[in-house]
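Keep the structure open while reading and find each residue as it is named.

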Amino acid sequence: MALVVIGGVAAGLSAAARARRIDPRLEIVVLEKGPVISYGACGLPYFVEGRVREVTDLITYTPEYFRKERNIDVRTGARVMAISHPRREVVLESGAKVAYEKLIIATGARGGLPDLPGAQLPHVFTLHTLDDAARMRRFLVERRPRSAVVIGAGYIGVEAADALRRNGLRVTILERSAHALLRPDDGFTLAVRAQLERHGVELRTGVPVMAIEPGRVAGVPADLVVMAAGFQPNVELAAAAGIEIGRSGAIRTDERMETNLRGVYAAGDCAEVIHLVTGRPTWIPLGTTANKAGRVAGACAAGARERFAGIVGTSIVSVFGMGFATTGFSAAEARAEGFTPVAARIEARSRPRYYEGVKTTVELVADSVTRRLVGGSVIGEDGAAGRINVIATALHARMRVDEFEQLDLAYSPPFTPVWDPILIAAQQLIKEMGA
Ligand code: FAD
């Protein structure tokens with residue numbers, strides 16, 4: 001009896017590889033409906049841009065590699081249509097059945113707005129798979145579109161806009177909500193908008209798109225349209241098998257990534273994880289989480305006892321070379337989660353003035369009752385990833401702002417100023433909260 005994994009990208013393959021390490025003799029089968037496995041979707045915008053030359057450069061491993069080097073049976077073109085847990089088997093589109101003892105669901109998420117009128121027109125794209133990116137790149141090269149509309153200002157939309165603008169298109173992003181990059185924070189959105197406009201991309205917020213017409217969307221000219229909205233977890237298979245779906249709409253799991261059905265695990269973009277700031281389940285689909293949670297699911301399914309601690313929701317996006325990084329909650333989100341937030345935003349240099357430091361903006365958010373940090377953001381061309389990672393570490397460690405302000409961080413002019421911007425932000429926050 002085998003360990004069967006549904007889905008052959010980040011979470012599924014991390015799970016399979018980890019299970020193999022734990023148990024060298026276990027029979028492991030990975031079922032992937034698509035034609036390829038193990039690719040970095042995160043690199044798709046850079047292929048559309050032209051920076052990555054071949055779409056196949058984004059593939060890390062092949063099924064042959066897994067078969068030969070890991071003794072894992074990876075089958076492509078194998079779409080699972082149903083899970084029968086009472087029979088411990090999955091049913092493929094071909095009608096074939098594959099028996100399992102343990103099952104890992106790593107079916108990911110999907111984007112796009114398939115029900116939007118016009119969504120099926122030939123100049124309308126999603127950007128989720130290698131095939132999507134290859135189609136979009138081909139359209140760019142062969143049809144030479146001059147204008148593009150991107151629907152959705154999440155990170156995929158913003159990265160797509162950046163890539164299209166670098167190909168010379170006039171680009172407009174239409175976003176239904178009032179904010180960019182899914183961060184309910186006016187200052188952050190203002191900075192994203194300013195950086196986009198500096199590079200010739202227009203961001204219109206508060207614009208719900210009702211239809212795509214040939215050549216235009218909501219009155220904006222569009223030879224090419226990217227649907228970068230409507231992201232949702234692929235949970236239908238799981239739900240039909242009686243697996244519990246959480247309030248976020250993703251599969252409910254415990255800290256071993258096990259679902260309510262014993263022996264059935266879920267990980268990656270289809271599953272919830274615990275948010276360490278609130279202690280409650282959340283759905284924040286990211287590659288980092290998919291890899292880590294997948295490893296835990298694989299280990300546990302193979303008989304080890306491991307746990308996935310949870311996440312704090314850390315991410316970073318490049319908008320024309322400027323890093324926009326966030327972790328935890330903005331003040332508005334923290335309030336909605338039941339905290340009493342106080343926020344401080346500062347601007348400082350990334351390095352000393354005499355060493356070509358550039359402007360960095362840091363915001364820290366703490367709960368005024370406990371003084372615990374609950375979120376932060378960093379905007380800058382230089383060092384944004386390192387700085388947000390320090391703040392993320394503080395959230396993991398449940399640090400209070402007073403402890404954070406004392407952190408012993410590195411200083412040398414080529415890298416940082418003597419007072420790092422995140423420490424200046426902490427000092428400002430302490431001032432605002434009162435000692
Ligand atoms: P997926 O990668 O979606 O894989 C799921 C697989 O399951 C798919 O191959 C699918 O075909 C297969 N499947 C689904 N249903 C079935 C079925 N019934 N039978 C068989 N197979 C099935 N994350 C970051 O952390 N940083 C980034 O910078 C970043 N950039 C991104 C940029 C883009 C354009 C995109 C699209 C995503 C980006 N991500 C990023 C997110 C990251 O790629 C995902 O979080 C990650 O791929 C999730 O992995 P997964 O294995 O859970 O799901």
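In this predicted model, the side chains of Arg371 and Asp402 form a salt bridge, with N and O 2.9 Å apart. The two residues come from distant parts of the chain, 31 residues apart: Arg371 sits in the loop between strand E23 (359-367) and strand E24 (373-380), and Asp402 in helix H11 (residues 401-404). Arg371 is buried because its relative accessibility is 16%, under the 20% limit. Asp402, at 22%, counts as partly exposed.

**Other salt bridges**

- The structure contains 21 salt bridges in total.
- One of them joins the side chains of Glu337 and Arg280, at 2.7 Å from N to O.
- This pair also links distant parts of the chain, 57 residues apart: Glu337 is in the loop between helix H9 (331-336) and strand E22 (341-349), while Arg280 is in the loop between strand E18 (273-274) and strand E19 (281-282).
- Glu337 has a relative accessible area of 30% and is partly exposed; Arg280, with 42%, is partly exposed as well.
- Arg387 forms a salt bridge with Asp420, and their closest N and O atoms are 3.0 Å apart.
- Are Arg387 and Asp420 buried or exposed? Both residues are buried.
- Salt bridges with shared partners also connect Asp185, Arg345 and Glu363 in one network.

**Helices H1 and H8**

- Helix H1 (residues 10-22) and helix H8 (residues 287-301) have axes that come within 7 Å and cross at roughly 40°.
- An angle of roughly 40° falls between the limits of 35 degrees for roughly parallel and 65 for roughly perpendicular, so H1 and H8 are oblique to each other.
- The crossing of H1 past H8 is right-handed.
- On the H1 side, the contact is made by Ala10, Ala11, Ser14, Ala15, Arg18, Ala19 and Ile22.
- On the H8 side, Ala290, Asn291, Gly294, Arg295, Gly298 and Ala299 take part.
- Sorted by class, the residues in this contact are seven nonpolar, four polar and two charged.

**Ala392**

- Ala392 is located in helix H10.
- Its relative accessible area is 8%, and because buried means under 20%, Ala392 counts as buried.
- Which residues are in contact with Ala392, leaving aside its neighbours within four places in sequence? They are Val312, Thr314 and Thr327.
- Ala392 and Ser377 are separated by 15 residues in sequence and by 9.8 Å in space, C-alpha to C-alpha.

**Met210**

- Met210 lies in the loop between strand E11 (201-205) and strand E12 (212-213).
- Met210 has a relative accessibility of 64%, and because exposed means over 50%, the residue counts as exposed.
- Not counting residues up to four places away in sequence, Met210 touches Leu116 and Pro117.
- Met210 and Gly118 are 92 residues apart along the chain, and their C-alpha atoms are separated by 9.6 Å.

How values were computed: Residues numbered from 1 in each chain as written. Predicted model: local features only at pLDDT ≥ 70, side-chain atom pairs only at ≥ 80, totals over all residues. Heavy atoms only, no water. Salt bridge = Lys/Arg side-chain N within 4 Å of Asp/Glu carboxyl O. Helix = DSSP H or I, 4+ residues; strand = E, 2+ residues; numbered from the N terminus. Buried < 20%, exposed > 50% of the residue type's maximum accessible area, 1.4 Å probe, protein only. Contact = heavy atoms within 4.5 Å. Axes fitted to C-alpha atoms, helices over the stretch in contact; angles between N-to-C directions. Parallel < 35°, antiparallel > 145°, perpendicular 65-115°, else oblique. Left-handed = near helix turned anticlockwise from the far one by under 90°. Nonpolar A, V, L, I, M, F, W, Y, C, P; charged D, E, K, R; others polar.
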